[in-house]
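Have a look at the model first, then read on.

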Amino acid sequence: MSSHIKISPSILSADFSKLGEEIISLDKAGADYIHVDVMDGHFVPNITIGPEIIKKLRPVTKKIFDVHLMIQPVDLYIKSFAEAGADIITFHPEATPNTLGTIELIKKYNKKVGISLKPDSEISLVENILDKVDLILVMSVEPGFAGQKFMPKVLPKLKKLKDIIDRRGLEIDLEIDGGIDFENCKAAIEAGANVLVSGSTIFKKNNGDLKKNIDLLKSS
Ligand code: DX5
Ligand code: ZN
């Protein structure tokens, strides 16, 4: 079992009428992080949840809240997400006029910083700031919806990032997000991912057996 692999289940595929219970179940099933997809209907064509819900969910688990912001503007909302209990705050560089400024803002609240690259976003967007972030999220679907098909074309980018990170001796989580299943997770890990986000596979496969699905992803 690849014990260094962390699983960050996306609650986008959970039953929203009982989010608290779903997160407790993920906690018990061995999730490492809880991936919270925040969408605004502007940066992406879907609307999900905001800081008030995260705040209500915060007491149900001690697990790391891995908050993936797909919103624009970003800076305006960092304080709310930080105070709601996010542990890692990940944003898209295209959604802010000043990436460094947004990084500093997140750090001001003592939160970990993540930067997300859409499938066509270039490494050059993050290359010069790798030493300032805790996580890079590589998207393997276009952001917006759960249940989309994994795009293998992002694997070379993942590998390149992994090489740069290693060459510089940095300790950064390299997270892959979108369409991850029991098959393609192997290629993602091989390319260098150490955190796997998964919504549909964890909540829907094997009759929704969360523990089994988390274990299967980890053992790939
Ligand atoms: C997509 C989100 C992902 C996605 C994961 O915009 O960032 O986290 O919902 O769900 P699956 O694993 O179903 O692609
Ligand atoms: Zn996500």
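Start with the ligand: H35 has a polar side-chain atom 3.4 Å from an oxygen atom of ligand 1. Keep in mind as you look around that this is a predicted model. The points below begin with what surrounds ligand 1, then move on to the chain as a whole and a few local details.

**Contacts with ligand 1**

- D37 also reaches ligand 1 with its side chain, placing a polar atom 2.7 Å from one of the ligand's oxygen atoms.
- G179 makes its contact through the backbone instead: an N or O atom there sits 2.8 Å from an oxygen atom of ligand 1.
- On its own, ligand 1 has 380 Å² of accessible area, and the protein covers 99% of that.

**The shell around ligand 1**

- How many residues surround ligand 1? There are 20, and the closest are D37, D177, G179, G199 and S200.
- Sorted by class, this shell holds eight nonpolar, 10 polar and two charged residues.
- Three strands, β2 (33–39), β3 (64–70) and β8 (195–198), supply at least two shell residues each.
- Which strand gives the most to the shell? That's β2, with three residues.

**The chain overall**

- If you're tracing the fold, you'll find eight helices and eight strands in the chain.
- The radius of gyration is 16 Å, close to the 17 Å that the globule rule gives for 220 residues, so the chain is as compact as a globular protein of that length.

**Backbone details to look for**

- Most residues other than glycine have a negative phi, and most peptide bonds are trans.
- Against that background, take a look at Q72 and P73: the peptide bond joining them is cis, with omega about 0°.
- You'll find P73 in the loop that runs between β3 and α3 (75–84).
- N206 is worth a look too, with a positive phi of about 45° even though it is not a glycine.
- Where is N206 in the chain? Look in the loop between α7 (200–204) and α8 (210–218).

**Aromatic rings**

- R58 lies over the face of F65, at 3.8 Å from the ring centre.

How values were computed: Residues are numbered from 1 along each chain as its sequence is written. Chains are lettered from A and ligands numbered from 1 in the order in which they are written. This is a predicted model: local features need pLDDT of at least 70, side-chain atom pairs count only at pLDDT 80 or more; totals for chains, interfaces and linings use all residues. Side-chain values use heavy atoms; hydrogens and water are left out. A charge sits over a ring if NZ of Lys or CZ of Arg is within 6 Å of the ring centre and within 35 degrees of the ring normal. A residue is near a molecule or strand if one of its heavy atoms lies within 4 Å of it. A polar contact is a pair of N or O atoms within 3.5 Å; within protein, one must be able to donate a hydrogen and the other to accept it, and residues adjacent in sequence count only if both atoms are side-chain atoms. Accessible areas come from the Shrake-Rupley method with a 1.4 Å probe; for residues, only the protein chains shown count as cover. Helices (H or I, at least four residues) and strands (E, at least two) are DSSP runs, numbered from the N terminus. Ala, Val, Leu, Ile, Met, Phe, Trp, Tyr, Cys and Pro count as nonpolar, Asp, Glu, Lys and Arg as charged, and the others, Gly among them, as polar. The radius of gyration is taken over C-alpha atoms; the globule rule is 2.2 Å times the number of residues to the power 0.38.
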